[in-house]
Amino acid sequence: MTDTNDLKVCVVSPMPSDPPWELFDEIPDDVPIIVPDDSDGNLAPAPRDNVTYFDYAAQKDYCGEHYEAMPHKSAASRNFGHYWAYKEGFDVIIALDFDCGTRPGWLSDHLSTLTTVTDHPAVQGDWINSIECEGFYARGYPYENRTPERSQVTDTTASGRVVINMGVWDNILDLNGIDKYHTEPPYDPGLRGDQNYVALGNIPVCGMNNSFLAEVTPAYYFLPDVWVDDGSPGNWQLSRHDDIWGGYILKKLMDIKGDLFTYGRPIVEHTKQTPLERVTVLEQYMHLMSMGFYNIVDEAVANVTDADYTSIFAHFVEEYDRALERSPEPPHYLGVYRELGDWMGRWARAFV
């Protein structure tokens with residue numbers, strides 16, 4: 001799977017504002033760039049012919065009744081682009097944030113990973129950290145696992161079909177906001193960018209530079225921002241969890257099927273730092289609620305049987321709802337988990 005002539009490939013890049021278009025220079029003109037327009041019609045015309053904008057009206061026109069499964073005003077706005085590419089018969093979808101600069105070999109590196117491997121380098125552990133610089137952890141790596149014993153990983157090998165590859169990043173590292181207040185991270189954090197490794201275990205999935213076989217799209221849902229009513233003046237926004245929590249679900253379902261997740265190359269340059277105070281506030285409830293969410297997901301997955309990605313996700317949503325009713329989490333947490341379950345149900349029905 002290395003020849004773009006044999007694959008129907010598209011890039012999905014959600015945009016809330018105009019990007020510096022030179023970031024996309026390594027994307028050939030014959031590869032379409034699909035833009036879920038999260039400005040809702042306020043983007044300047046694209047300077048390239050291979051770019052298609054979809055504002056909210058265009059999304060609604062395309063999705064019909066399933067438009068209700070498409071979040072907006074968050075990174076989860078990319079779901080529409082993935083849905084469109086799946087419905088239009090693309091083989092490979094590449095997710096790229098509009099503040100990530102591509103480099104020579106970026107596209108071919110992504111495509112070369114999506115293949116069947118034998119005795120491929122792998123990293124095994126409970127949670128795997130894609131950043132190797134000591135003391136720094138990728139955004140979403142649980143604080144509960146930040147001990148020498150719990151964060152220990154083993155180098156091994158794995159064989160199977162790679163269905164998703166997460167490229168990593170340098171410059172502005174994707175860390176938890178509060179960690180950046182604590183210690184200034186290096187520009188080059190010792191990323192495993194020389195080759196790709198299979199992740200045998202949980203891994204914080206970052207959606208800003210990854211590629212996947214389109215067939216997994218029904219099980220790969222970026223979860224929307226929602227509001228937490230904890231009784232305080234002004235409810236809290238749960239955010240920045242979209243790719244991590246949605247990726248956690250996908251990875252668990254992939255494990256049932258025996259499919260593989262790789263990470264490493266290609267590295268992009270992440271060029272934009274969202275104001276840290278805003279990031280830290282948005283991530284507050286992600287940190288508080290992650291382990292409860294993972295426990296519900298794990299209980300649900302334990303009852304899910306192998307099937308195609310459409311069916312396995314639909315079954316997961318049913319089991320998630322059942323596990324939610326048994327969860328001992330606080331009521332305001334359960335309200336959020338239940339709302340996320342409603343969103344996942346809409347996504348599952350969009351593929352029936």
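Helices and strands here are DSSP runs, numbered from the N terminus; a strand has at least two residues. The model is predicted.

Aspartate 97 sits in a loop. Strand E4 (92-96) lies on one side of that loop and strand E5 (100-101) on the other. Is aspartate 97 buried or exposed? Its relative accessible area is 18%. The cut-off for buried is under 20%, so aspartate 97 counts as buried. Setting aside residues up to four places away in sequence, aspartate 97 touches Ser13, Arg78, Gly207 and Met208.

Glutamine 59 belongs to helix H1 (residues 56-63). Glutamine 59 is buried, at 1% relative accessibility. A polar atom of the glutamine 59 side chain lies 3.0 Å from the backbone oxygen of phenylalanine 54. Which residues surround glutamine 59, beyond its neighbours within four places in sequence? The contacts are Pro36, Asp37, Phe54, Tyr67, Met70, His72 and Phe80.

## Salt bridges

The count of salt bridges comes to 16.

| Pair | Closest N to O distance |
|---|---|
| Aspartate 29 and arginine 48 | 3.4 Å |
| Lysine 257 and aspartate 306 | 3.3 Å |

Take the salt bridge between aspartate 29 and arginine 48. Aspartate 29 lies in the loop between strand E1 (9-12) and strand E2 (33-36), and arginine 48 in the loop between E2 and strand E3 (51-54), so the pair ties together parts 19 residues apart in sequence. Aspartate 29 is exposed, at 64% relative accessibility. Arginine 48 is buried, with a relative accessible area of 15%.

Lysine 252 is buried, with a relative accessible area of 18%. Aspartate 298 counts as partly exposed, at 31% relative accessibility.

Helix H5 also holds lysine 257. Lysine 257 forms a salt bridge with aspartate 306. This pair links distant parts of the chain, 49 residues apart. Aspartate 306 is in the loop between H6 and helix H7 (309-326). Both residues are partly exposed: lysine 257 has a relative accessible area of 25%, and aspartate 306 is at 48% relative accessibility.

Some charged side chains join in a network. Arg139, Asp174 and Asp243 are linked in this way by salt bridges.

## A nonpolar surface patch

Which residues form a nonpolar patch on the surface? They are Tyr143, Ile178 and Tyr181. Together they have about 290 Å² of accessible area. Tyrosine 143 is placed in the loop between strand E6 (116-127) and strand E7 (154-171). Tyrosine 143 has a relative accessible area of 34% and is partly exposed.

Methods
Residues are numbered from 1 along each chain as its sequence is written. This is a predicted model: local features need pLDDT of at least 70, side-chain atom pairs count only at pLDDT 80 or more; totals for chains, interfaces and linings use all residues. Side-chain values use heavy atoms; hydrogens and water are left out. Patches are made of residues with over 30% relative accessible area and no salt bridge: like charges are joined within 9 Å, nonpolar side chains (Val, Leu, Ile, Met, Phe, Trp, Tyr) within 5 Å. Accessible areas come from the Shrake-Rupley method with a 1.4 Å probe; for residues, only the protein chains shown count as cover. A salt bridge is a side-chain nitrogen of Lys or Arg within 4 Å of a carboxyl oxygen of Asp or Glu. Helices (H or I, at least four residues) and strands (E, at least two) are DSSP runs, numbered from the N terminus. Buried means under 20% relative accessible area, exposed over 50%, partly exposed in between (1.4 Å probe, protein chains only). A polar contact is a pair of N or O atoms within 3.5 Å; within protein, one must be able to donate a hydrogen and the other to accept it, and residues adjacent in sequence count only if both atoms are side-chain atoms. Contact means heavy atoms within 4.5 Å.
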